[in-house]
Amino acid sequence: MSAQTSEHKTMSVKLIVWRQKGPNAPGRFETHVAKGITEHHSFLEMLDVVNEDLIKQGKEPISFDHDCREGICGTCSAVVNGVPHGGQVRTTLCQLHMRKFKDGDAIYVEPWRARAFPIVRDLVTDRGSLDKLIQAAGYVSCHTGGVPDANSIPISKPDSDYAMDAAECIGCGACVAACPNGAAMLFAGAKVAQFAALPQGQVEAPERVAAMIRTMQECGFGNCTNHYECQAACPKGIDVKFIARLNREFLKALFKAKAGTFTPVGE
Amino acid sequence: MILDGKAPTGPIEQSWDKHRFDMKLVNPPNKRKFKILVVGTGLAGASAAASLGELGYNVETFCYQDSPRRAHSIAAQGGINAAKNYPNDGDSIYRLFYDTIKGGDFRSREADVWRLSQVSNNIIDQCVAQGVPFARDYAGYLDTRSFGGAQVSRTFYARGQTGQQLLLGAYSALSRQIKAGSVKLFPRTEMLDLVVVDGEAKGITVRDLITGEIRAHTGDAVVLASGGYMNVFYLSTNAMGCSVTAIWKAHKKGAFFGNPCFTQIHPTCIPQAGDYQSKLTLMSESLRNDGRIWVPKKKEDCGKPANQIPEEDRDYYLERKYPTFGNLAPRDISSRAAKEQCDEGRGVGLGGRGVYLDFRDSIHRFGENVIRERYGNLFEMYERITDENGYKVPMRIYPAPHYAMGGLWVDYNLMSNLPGLFVLGEANFSVHGANRLGASALMQGLADGYFVIPYTIANYLKDTKPGKVKADHPECVKSIEDVKGSAKRLLAVNGNRTVTEFVRELGTLMWNNCGMARSKESLTEAIAKIPAIREEFWKNVKVSGTGDEFNQQLENAGRTADFLEFGELICRDALHRDESCGGHFRVEHQYADGEAKRNDADYAYAAAWEFKGIDKEPELHKEPLKFENIHLAVRSYK
C-alpha cells in the first residue's frame, strides 16, 4: 500500500497557531512552517507533519481535536483564517485539503472561541455544554422494548426528509464558534425541529423546547440576532430555518402554558 | 481446554425465547444495589448503558472521546439489516440467519446468529420510536436497499449516514438516563487496565485524559464495548483513536482472545494518495447497488482516462466471475478480486492500486438526480478528498482494513471466560464468523446493547453480592501502580523516533504479511520481526510532555505499545489456522479459480487464545462449532 509522493508538487505554508497550556494559562500565537506539503494532504495531515517536526526538535506538539477524519464524528474543530473549519462549503476541517491553499500562504489557526466552550489546551476546547443540551431534552422518552412495529407509524416523505435534514448535525460546535453572540440556536433548533416534525417527538414538544432554551441560558450560550454566520459555517449545511422552527415551537409552548395544557418544569 | 459456548440446545427457533425464560432475574429493588461499568459509547455501549440504566442499575460509562456521540459507530454509512420482509421479497428470520452463517464462512456459533436475526426486527422498531429518520417511500413507509451477500432487500438506511442516526438515537437514550441520574458519564476517560478480584472482573483503571489522573472505578460487572482493532494495520477506515487497548488489557488479565486473525478488508475505499496519509476513507458498500466495478482489459489502457476506454475493453470482473451476485458479492470476495486485478497489473490510479466504480450506466438509466438523492453525500466526500467528480468520471476504489470479526471470546450470554466481564459489539468475536456481511455491524451492536445484555447480565448478577470490591482494594491499588508505571516508562525513554513512525512500521508489516493474502512464510517472518519493533519502541520512542496533563502523544504511545504486542497474536492465530476462510486467506489453501478453501475437518472451531506473558507463546483453547441447522457447504456466490 504505497504510492509515490514524488509525483506531487510540494508547498510550504506559514502557520500562526494559538498555543495555550490550560484553561487559565495565558495564550499566545506561535509561528511554524509546514514544509513538503502536497495538494492531497488534508489540513489535519499538514498539522501532523508540523507536529512530527516539533516532537523531533524536542518541542511540544500542537494539541488539536480529531478522530474519524472523514467528516462525521464532529470532533475536529479549529478556526482557520477567521472561519470555523476553514471556509470550504459544507466541509469539516479534516476534509479540507491543502489544494485550497497556495505555496507561501500564511494561515491563522485558532480554537473555537465561545463562553460555553472553555479551552482545554491549544486548539482543544470543552464542548460538554452541547451534551448538556441533549441531556436536557434531546430525546423521545421511550424505553427499550415495548414499542410498536416500525411501519405502524407512517411518516410522510417530506416530513421524514425535513427531520433528516435537521438530524444531520454532527455537534461540532462550529455554529457557536461562528456566532458573534456565541449562541447554540442552530444546534438546539436542529434537534427541536427534527423531533417536532415526527409524530414520535410531538408528544413532548413543548417540554423539550422549554428545557432546551432554559439549558442554553444556564450553559452560557448567547441569543440569536439573525447574523446567519452559523449556517455559513456549518459543515453539514444545517439551515437557519430550524432556528425559526425553534422559535415557533417556543411560542407554541408559551400558548400551551397559558392555556394550562402544559406546565414547564422549574418555572 | 475445550471451551463451552453455553449455547442453548433444542430447536433453534425457540432457543432465545427458552433461554430468556431459563435465566434468572434480579428483582427491581435489588437492581439499584448493583453497579455496572460500561466502557465505550458506540452503538453497543450506549444502547447497553441506556437500557441498563432504565432497568434501575447504577451505571458508569466511559469514553475516550469528548462526547459519547463521537464513537466511531457514527461513521457507518450504508445501513442496518433486519428480517422485516417489508418488501415482500422472501426474507425471513431464517434467511437472515442463513445468510449470516454462510457469509461468515461457517465460523460462527449458530445460536448467537439466530438470536441476532430474531431481535433484528425489534431494533428497527426501537429506532423508529426514538425518532431516527430512516428513509421512507411516498406512502410514508420504511424503504430498504440491498447489500452484499444477500439477494433480498433488507437494509434500512438514513441517507449515507445510518450509523450516525442510529448512534444519535442510542446517545439520546443514554443522555436521558444521564439526566435521570441512573448513568454517570466520564468522557475523555480511557480504560487502561481491568481489575480482577478472585478471578472475577470487578473494576477498571482509567486515565482522565484532561488532568492525567489515574484512578480505579469498581463495580459488580464490567461491560466492554470498546470497538475493533483494525488500526493495527496503521491505515484503516477506523477513527484515529480506535485501539485494541481496552480488550488487550482485559486479555492480559485472563480474558481469552477469539479468532484475532478474522479481519475484514473492505472493498470500496478511496485509494491511498501518499505516504503521509493518516487514514483511509470508506465509500459505502451501498454504492455497489448502482455502481459497476471494472478494470481495463489491457494493461496499456490503465494510464488512459476512463472515458477513452471503449466498452469492449472493460472487464466487469465481479459480474463476470459471480454472475448471480455480481457487484454485490461479499466483502472478502470482492476485496480479493480487486487485489487480484491489480496484482495482474490492470489496476488504475497512483501506483496501480485501484479499480473503477462506475455510475455511468445508472445515471443513464435513472438520471443524475436519483443517484444524487441516494448517494449525494458520498459523491461530495469523494470529490473533497480526490478532487474528482464521480458523476463525470468513474470513482477509483481499493480495499482497506475496516472491521474486526475477532475480539474477546464470549459465551452465549456475552460473558468472557472471566466471570463478570461482558463484551459487546465489535469488541467480541461472536456472530460474524470469518467475514461480516454489510449492514450487520450496526445490527449486532444494537442487538447486544438493547436486547441481549439487559437479560444476560442479570443471570450473573443474581449470584453475586453487590459492592464486594471497593476502590481501596489491593488489586485496585496494584492496578493503579501498574498503569502509572507504564506511563512513566513511556515518558522516560526519550529516544529519537516518534510514536507515528512505530505504528506505521508495524502497520506496513501487518498489511504486507498478514493482510489480504497470508502465507506460512509471510506470517513466520512477521512473528519474527514484531518483537524487534517492540524492543526498539521501548528503547527509542520519543514521547513529549508529562503524564499530569492533556497529552495526546502519551495516549497514542500507550495504544501503540498495545498494538505492538497484539499484532503478534493476530499473526500467530493466522499461522495456526492452516486453511482459508472468509477474510482469512492463506495462499496455500485455494481452489483452482482462486476461491478460499476451508478445512472443516480440522478447523471448524473458534480459536480462543490465553495470554501467557509478552514474549511467551499464548495457549490455544478451542470451542468446537456445531452446525445442526445449516449444512456446512462450500460458499458459492456464482
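## Briefing on a predicted two-chain model

Chain A holds nine helices and seven strands (helices are DSSP runs of H or I with at least four residues, strands are runs of E with at least two, and both are numbered from the N terminus). Chain B has 17 helices and 20 strands. This is a predicted model, in which local features need pLDDT of at least 70, side-chain atom pairs count only at pLDDT 80 or more, and totals for chains, interfaces and linings use all residues. Residues are numbered from 1 along each chain as its sequence is written, while chains are lettered from A and ligands numbered from 1 in the order in which they are written.

**Overall dimensions and packing**

- The C-alpha trace of chain A spans about 65 × 45 × 35 Å along its principal axes.
- For chain B, the C-alpha atoms fill a box of roughly 75 × 60 × 50 Å along the principal axes.
- Of the 267 residues in chain A, 54% are buried, and in chain B 63% of the 638 residues count as buried (buried means 20 or more other C-beta atoms within 10 Å of the residue's own, exposed means 12 or fewer, and partly exposed lies in between, with C-beta atoms placed from the backbone).
- Among the contacts in chain A with a separation of 6 or more, 70% join residues 24 or more positions apart (two residues are in contact if their C-beta atoms, placed from the backbone, lie within 7 Å).
- The corresponding share in chain B, again for contacts with a separation of 6 or more, is 75%.

**Where the chains meet**

- The contact between the chains takes 71 residues from chain B and 70 residues from chain A.
- Helices α3 (43-55), α5 (110-130), α6 (162-180), α11 (368-386), α12 (441-461), α14 (499-514) and α16 (552-576) of chain B each supply at least two residues of the side that touches chain A.
- Of these, α6(B) gives the most, with nine residues.
- By class, the side of chain B that touches chain A has 28 nonpolar, 26 polar and 17 charged residues (Ala, Val, Leu, Ile, Met, Phe, Trp, Tyr, Cys and Pro count as nonpolar, Asp, Glu, Lys and Arg as charged, and the others, Gly among them, as polar).

**Domains**

- Chain A is assigned domain 1 (5-121) and domain 2 (127-259) (such bounds come from an automatic or database domain assignment).
- The C-alpha centres of these two domains of chain A lie 30 Å apart.
- In chain A, 18 residues of domain 1 are in contact with 19 residues of domain 2, and the domain 1 side has nine nonpolar, six polar and three charged residues.
- Chain B is divided into domain 1 (267-401) and domain 2 (474-600), with 31 Å between their C-alpha centres.
- Six residues from domain 1 of chain B and five residues from domain 2 of chain B make up their contact.
- On the domain 1 side of that contact in chain B, α9(B) provides the largest share, five residues, and the classes are one nonpolar, one polar and four charged residues.

**Sheets in chain B**

- Five strands form an open antiparallel sheet in the order β12-β16-β15-β13-β14 (chain B) (two strands pair if DSSP finds at least two bridges between them).
- β12 (263-269) and β14 (314-315) of chain B are at the edges with a single partner strand each, so one side of each has no neighbour in the sheet.
- β13 (residues 292-296) of chain B pairs with β14(B) in the antiparallel sense over two bridges, and V295(B) stands opposite D315(B).
- Helix α9 (residues 331-343) of chain B lies across β12, β13, β15 (355-358) and β16 (395-404) of chain B, at about 65 degrees to β12(B) (axes are lines fitted to C-alpha atoms, for helices over the stretch in contact, and angles run from 0 to 180 degrees between N-to-C directions).
- Three strands form another open antiparallel sheet, in the order β3-β5-β4 (chain B).
- β4(B) and β5 (residues 155-156) of chain B pair over two bridges, with R145(B) opposite T155(B).

**Two loop residues with positive phi**

- N85(B), in the loop between β3 and α4 (93-103) of chain B, has a phi near 55 degrees and is partly exposed, with 18 other C-beta atoms within 10 Å.
- N494(B), in the loop between α13 (474-493) and α14 of chain B, has a phi of about 50 degrees and counts as exposed, with 12 C-beta neighbours inside 10 Å.
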